[in-house]
Amino acid sequence: MIVGSGPAAFYAAGALLASEDPRVDVDMIERLPTPWGLVRLGVAPDHPQLKSVSRAFEKIALRPGFRFLGNVEVGRDVGHAELAGLYDAVLYAVGSQSDRRLGIPGEDLPGSWAATELVAWYNGHPDFQDLAFDLSQERAVVIGNGNVALDVARMLALTAEELAPTDTTDAAIAAIVASGIREIVVLGRRGSVQAAWTSTELGELGELAGADVLLDPAELDLDPASEAELGAASNVVQRNVEILRGFAARERAGKPKVIRLRFRVSPVAILGDERVEAVEIARNRLEPDGGGSVRAVATDERETIPCGIVFRSVGYRGVALPDVPYDERAGTIPNEGGRVLGPGRATIPGLYCAGWIKRGPTGVIGTNKKDATDTVEHLLDDARAGRLPGRPAGTIDELLTERGVHVVTYAGWEAIDLLERTRGEPQGRPRVKLPTWEELLDAGRSA
């Protein structure tokens with residue numbers, strides 16, 4: 001049994017189904033009616049090329065011995081102990097489903113949002129369609145220097161023409177096009193060398209039809225440690241700094257919106273009486289961290305940025321599952337090479353993990369392939385050595401039927417997929433997503 005259906009889950013399924021000694025059947029359960037995880041619900045809608053990895057997952061799903069059971073949630077429909085009793089092995093690949101907190105005053109004011117909430121909303125996640133983002137504000141602040149922060153900034157700046165060919169939900173397109181936002185300020189706590197975005201994401205900011213990128217050349221001044229880090233950095237980092245220097249040298253073109261990039265600043269408070277009115281930031285000093293990079297140390301220099309909405313994008317975090325070991329500090333399932341550890345760090349026979357819930361939210365989609373394959377190698381080694389627990393009689397089908405759970409099979413997902421694609425075709429869009437639980441389950445039942 002694999003719990004989860006994102007990249008790590010499907011890479012693990014592919015590795016298991018490819019095994020000949022032993023031969024393996026794979027059931028995959030997912031709390032949503034739809035598979036693919038962040039490929040469907042996290043990748044920015046204007047990046048369809050990144051979603052194309054799902055074609056590889058479709059091939060895995062069609063292999064003999066694979067079953068998808070959507071709309072099934074661990075802890076609600078079936079317990080962990082029940083899964084452990086029904087399967088030779090259980091592998092959790094549930095990702096990192098929540099956001100990291102800033103831990104500053106005002107973080108929970110109305111108008112202060114996790115970037116993950118906005119991303120889920122415009123991507124059609126059915127849990128997030130009732131959120132009401134007030135995009136009438138003139139200035140938005142995005143806190144973070146990773147790809148998700150750039151996704152949020154870019155999505156808020158897209159024009160109607162840029163949004164039209166994407167699979168952004170209809171409601172989100174309407175809201176972004178009608179938005180009053182004219183300035184988007186992106187804050188990074190360290191410098192330009194340490195920003196975690198990719199060159200492709202960064203370069204796209206300079207190609208937006210409706211937004212100029214503004215960057216004060218002084219923001220790119222480097223301390224000695226950052227100079228040394230840049231000299232030894234990868235081609236990606238050096239290309240990023242080159243792109244940023246190009247932005248700093250540009251004249252404003254007079255586009256209706258502005259994306260302003262700031263470095264070496266950290267939010268110390270989100271201000272407002274009843275809702276967000278401003279962000280107070282501290283200027284940071286960068287000091288060597290002893291590992292070849294730098295750490296940000298707040299100075300006494302403060303600045304207040306008036307704004308009406310804030311998006312916090314400082315990382316994802318794993319969520320604990322009922323009765324499954326969990327490391328609260330790391331936000332992961334404790335493990336060694338994917339073998340889950342229990343009390344005293346003893347290996348729990350037959351229990352595994354892969355992906356972000358195993359290692360934390362790092363890497364790109366493809367990183368999960370090796371990660372999942374490594375876990376599967378340990379699982380198969382344990383199977384061959386007779387270290388997996390025995391499985392009693394019974395099936396998950398009997399249990400879910402007894403509990404009245406409406407399971408969305410892979411054929412049900414294909415019905416959802418076909419309907420969404422059919423709706424999108426006349427508009428020249430890859431799909432028009434079904435954004436609500438009711439619509440998704442109704443379409444899934446049609447199979």
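**Aromatic rings**

I began with the aromatic side chains and found that Phe10, Tyr11, Trp36, Phe57, Phe66 and Trp413 form one aromatic cluster. Before going further I noted that this is a predicted model, in which local features need pLDDT of at least 70 and side-chain atom pairs count only at pLDDT 80 or more, whereas totals for chains, interfaces and linings use all residues. I also noted that residues are numbered from 1 along each chain as its sequence is written, and that side-chain values use heavy atoms, with hydrogens and water left out.

For a pair, the rings of Phe, Tyr and Trp (its six-membered ring) must have centres within 6.5 Å; planes under 30 degrees apart count as stacked, over 60 as edge-to-face, and the rest as tilted. The structure holds twelve aromatic pairs. One of them joins Phe10 and Phe66, and I recorded it as tilted, with 5.7 Å from centre to centre and 35 degrees between the planes. This pair links distant parts of the chain, since Phe10 is in helix α1 (residues 7-17) and Phe66 is in strand β3 (residues 66-70), 56 residues apart. Here helices (H or I, at least four residues) and strands (E, at least two) are DSSP runs, numbered from the N terminus. Both Phe10 and Phe66 are buried, a word that means under 20% relative accessible area, while exposed means over 50% and partly exposed lies in between (1.4 Å probe, protein chains only).

Why is the pair of Trp197 and Phe263 edge-to-face? The ring centres of Trp197 and Phe263 are 6.1 Å apart and their planes stand at 70 degrees, so the pair is given that name. Trp197 sits in the loop between β8 (183-187) and α10 (199-205), and Phe263 in the loop between β10 (257-262) and β11 (265-271), 66 residues apart. Trp197 counts as buried because its relative accessibility is 3%, and Phe263 is buried with a relative accessible area of 0%.

**Backbone entries**

I returned to Trp36, which is found in the loop between β2 and α2. Its phi is near 90 degrees, a positive value in a residue other than glycine, and Trp36 is buried at 5% relative accessible area. Asn71, in the loop between β3 and α5 (80-86), also is not a glycine and has a positive phi of about 65 degrees; Asn71 is buried, with a relative accessible area of 9%. In the loop between α1 and β2 I found Pro22, and the peptide bond that leads from Asp21 to Pro22 is cis, with omega near 0 degrees.

**Gly14**

Gly14 has its place in helix α1 and is buried, with a relative accessible area of 9%. Which residues does Gly14 touch, not counting those up to four places away in sequence? They are Ile60 and Arg63, where contact means heavy atoms within 4.5 Å. Gly14 and Arg63 are 49 residues apart along the chain, and their C-alpha atoms are separated by 8.7 Å.

**Helix α17**

In helix α17 (residues 437-445) I listed Leu440, Leu441, Ala443 and Gly444 as buried. Seen down the axis, the buried residues of α17 fall within an arc of 160 degrees, so they line one face of the helix; the arc is that of the directions from the helix axis to the C-beta atoms. An α-helix has 3.6 residues a turn, so residues three or four places apart point the same way. The cover over the buried residues of α17 includes α2 (38-41) and α16 (410-424).

**Leu388**

Leu388 is placed in the loop between α14 (367-384) and α15 (396-402). Leaving aside neighbours within four places in sequence, I found Leu388 in contact with Asp88, Ala89, Gly350, Tyr352, Asp382 and Ala383. Leu388 and Gly350 are 38 residues apart in sequence, and 5.1 Å lies between their C-alpha atoms.
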